[in-house]
Amino acid sequence: MKAIIGGTGIDEDARFREGMKWVVNKYGQSMYAVIDDIVYLPRHMPGHSLPPHRINYRANVEALRELGVDAVISIYAVGSITRRMSPSRFGLVRDFIDFAFGRENTFFDGGEGAVQHTPFVQPFDRELKAAFAGTAVKAGYSLPMETIYVTTNGPRLETPAEIEAFRSMGADIVGMTLATEAELLREAGIRNAAVAYSINWAAGLDAEGISFLEDETVKRLSRTIIDLAVETLSGFSSLNFR
Ligand code: HPA
């Protein structure tokens, strides 16, 4: 089974709102829908009711693990720090910097047999990234493949000085959810390719203050990215792996 995890904007799409069912596991509650063998999981819950620091990331990833999901395309709305991914573009994430704190971001939380230091030299799945890029290019899109995502804790947006600091560290895009989720997906042994799409210039980079893309543009971008993710996962047999 394959899954798509969607966040801001993406979760307005009917596939992330209709036919949802609750599940409960040892980490808490999660919600998803299954359409044509693809699991759609809205990370902020239907109606976007959970801010990034309140999401139960462990319950979400555990729900996927219990469904037997072995590959995920995770989608994130972000702010742009560099021109590598400017607003209204989408692309793949190569690596991340994690500034989130106070979150349950591990399944290896101590106790007998439960201390493990998971390698993150390759934070995302190469084949799955290549498959998504191939699908997008075939459909006529050009996309950045090497962006660096910095995860802030939120829910407030950043200060201009923070964004300047993140730029000097090498970050291209900023958001509040990717690192926590990617950490757990990797610990759960689920292959993951992260697709980001930018909806604004980050703090201090836009003369207008912070201005976000129009709803209609977000809707169109979301639909495009979900469609590309579905096409990628539908053609992505587990036999391609390893
Ligand atoms: N900062 C943090 N998270 C975000 C942003 C931003 O500017 N835009 C979308 N998600």
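This is a predicted model: local features need pLDDT of at least 70, side-chain atom pairs count only at pLDDT 80 or more; totals for chains, interfaces and linings use all residues.
Ala33 sits opposite Tyr40 of strand E4.

Let's take the strands themselves. E3 covers residues 28–35 and pairs with E4 in the antiparallel sense, over 3 bridges. Strand E1, residues 2–6, runs parallel to E4, and 5 bridges join the two.

## The turn between E3 and E4

E3 and E4 make a hairpin, with 2 residues between them. Have a look at Asp36 in that turn: its phi is positive, at about 50°.

## E4 under cover

How many of the residues of E4 are buried? The count is 5 of 5 for this strand, which spans residues 38–42.

In a regular strand, side chains alternate between the two faces of the sheet. For E4, both faces are covered. Ile38, Tyr40 and Pro42 are buried on one side, while Val39 and Leu41 are buried on the other.

## A nonpolar patch on the surface

Now over to the surface, where Leu157, Ile210 and Phe212 form a nonpolar patch. Together these residues have about 250 Å² of accessible area.

Where does Leu157 sit? Leu157 belongs to the loop between strand E7 (147–151) and helix H3 (160–169). Its relative accessible area is 40%, so Leu157 counts as partly exposed. That also clears the cut-off for joining a patch, which asks for over 30% relative accessible area.

Conventions: Residues are numbered from 1 along each chain as its sequence is written. Side-chain values use heavy atoms; hydrogens and water are left out. Patches are made of residues with over 30% relative accessible area and no salt bridge: like charges are joined within 9 Å, nonpolar side chains (Val, Leu, Ile, Met, Phe, Trp, Tyr) within 5 Å. Accessible areas come from the Shrake-Rupley method with a 1.4 Å probe; for residues, only the protein chains shown count as cover. A salt bridge is a side-chain nitrogen of Lys or Arg within 4 Å of a carboxyl oxygen of Asp or Glu. Helices (H or I, at least four residues) and strands (E, at least two) are DSSP runs, numbered from the N terminus. Buried means under 20% relative accessible area, exposed over 50%, partly exposed in between (1.4 Å probe, protein chains only). Two strands pair if DSSP finds at least two bridges between them.
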